[in-house]
Amino acid sequence: MTASAHVLVFRPLIEIMRGRGDEVEITARDYAQTLQLLELHGLTADAVIGKHGGRSRFQKARRMAGRLGSLHHWAKGRDFDVALAHGSHELTLTARRLGIPSSDTFDYEFATLQHQLGCRAATKVVVPEAIPPDRLTKYGVRPPKLVQYPGLKEEYYLSDFEPDASLPARFAVDPARVLVVLRPPPDVSLYHRHSNPLFPMTLEHLGRLENVHAFVLPRTEEQREYVRSLALPSVILPEAAVDAQSLIALADVVVSAGGTMNREAAALGVPVYTTYGGRLGGVDEALIREGRLKPLTDPRALELTKRDGSVGERIRRDPALLLELLLSARG
């Protein structure tokens, strides 16, 4: 697990496997809230290997080489039957080298370098049906290697989710104000190199409105310090990882420059806007066509109204179906 979202995706799958007696071992990277979220969801990494390389391409390559060596050393001789990854090319490359079948899953197809490495090494590539198959051929992915599933990955891992209604009060959220959950851009990712002034503009706009509480969920300490330095009166900034899914489910509006939180909001029936500055993938294109995700170009265009408190329309999908597609790598 190399990023925060991976914990969410694999949590129900691990529960299913362990519940039926399978042996599951977890490796993780010390990046963003990955380790905190493992703890929050009652999981423990059997090995913590490496850190993020930051913005530098050289440092990313250096960190990747280190992780590949450490992961190979850790996994060698442990008789794994299959390896499962969410966009972690180090895992599928290591599995390929050790002769272990592997599956790679993701829902954004334009992380080119990551997929050139990870997809080519994987036995199976499991992605949503919303991604046009012809966008994956440049990564060497065609049927039968390509396996697609209906809906959003969030509809699978949130299938058993019910929000913790006490969460907003623990952070002194005023129930009379419009609760907006904000997620900054993935500004250390190679696929998000474009300058994105829209998110800071949105933060400044919302952070000064007296009828709003803007709850910011930063990805990194650098982002946390930036938000704190603005000292905006209507901003709430947690000091550690929180139950973001409950926060999203109870929010009136979500504004995110990333992907997972947008799709969680859509899966939970919450109004959501994207400020993503890169090329939109097939999943987000489909959500926009369906009216479940709105592109934001001006913070003043946000519809800041209280929801009536009812649970949004949800689609719940069985995570066991997604697990079986991933395990199809075993042949």
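Select strand 5 (124-128): 5 of its 5 residues are buried, so the strand is mostly covered. Buried means under 20% relative accessible area, exposed means over 50%, and partly exposed is in between, using a 1.4 Å probe and protein chains only. Strands (E, at least two residues) and helices (H or I, at least four residues) are DSSP runs, numbered from the N terminus.

Before moving on, note that this is a predicted model, in which local features need pLDDT of at least 70 and side-chain atom pairs count only at pLDDT 80 or more, while totals for chains, interfaces and linings use all residues. Residues are numbered from 1 along each chain as its sequence is written, and side-chain values use heavy atoms, leaving out hydrogens and water.

The open sheet here has 4 strands in the order 3-4-5-6, with parallel pairing; two strands pair if DSSP finds at least two bridges between them. Its edges are strand 3 (83-86) and strand 6 (146-149), each of which pairs on one side only. From one strand to the next, the twist averages 20 degrees.

Which residue stands opposite His86 in strand 4? Select Thr105 and you have it. Strand 3 and strand 4 are joined in the parallel sense over 4 bridges. Stay on Thr105, because its bridge partner in strand 5 is Val126. Strand 4 and strand 5 pair over 3 bridges, again in the parallel sense.

Next, show helix 13 (residues 319-327), which lies across strands 3, 4, 5 and 6. Helix 13 runs at about 175 degrees to strand 6. Contact here means heavy atoms within 4.5 Å. Axes are lines fitted to C-alpha atoms, for helices over the stretch in contact, and angles run from 0 to 180 degrees between N-to-C directions.

## Second stop: helices 4 and 5

Select helix 4 (residues 89-98) together with helix 5. Their axes come within 8 Å and cross at roughly 35 degrees. The crossing is left-handed, a term used if the near helix is turned anticlockwise from the far one by less than a right angle (right-handed if clockwise).

Show side chains to see who meets whom: His89, Thr92, Leu93 and Arg96 in helix 4 meet Gln114, Leu117, Gly118, Arg120 and Ala121 in helix 5. An α-helix has 3.6 residues a turn, so residues three or four places apart point the same way. The buried residues of helix 4 are His89, Glu90, Leu91, Thr92, Thr94 and Ala95. Helix 4 is followed by Gly99, whose phi is positive, near 75 degrees.

How many aromatic pairs does the structure hold? There are 5. Rings of Phe, Tyr and Trp (its six-membered ring) pair if their centres lie within 6.5 Å; planes under 30 degrees apart count as stacked, over 60 as edge-to-face and the rest as tilted.

Begin with Tyr108 and Tyr276, whose ring centres are 5.9 Å apart and whose planes are at 80 degrees, so this pair is edge-to-face. The two come from distant parts of the chain, 168 residues apart: Tyr108 is in the loop between strand 4 (102-105) and helix 5 (112-121), and Tyr276 is in the loop between strand 11 and helix 12 (282-289). Tyr108 is buried at 16% relative accessible area, and Tyr276 is buried at 15%.

Finish with the open sheet of 6 strands, ordered 9-8-7-10-11-12 with parallel pairing. Strand 9 (235-236) and strand 12 (294-295) are the edge strands, each pairing on one side only. Helix 8 (residues 198-206) packs on this sheet, touching strand 7 (178-183), strand 8 (212-216), strand 9 and strand 10. The direction of helix 8 makes about 155 degrees with that of strand 7.

In helix 8, select Glu204. Is Glu204 buried or partly exposed? At 28% relative accessibility, it counts as partly exposed. Leaving aside residues up to four places away in sequence, Glu204 touches Leu230 and Leu232.
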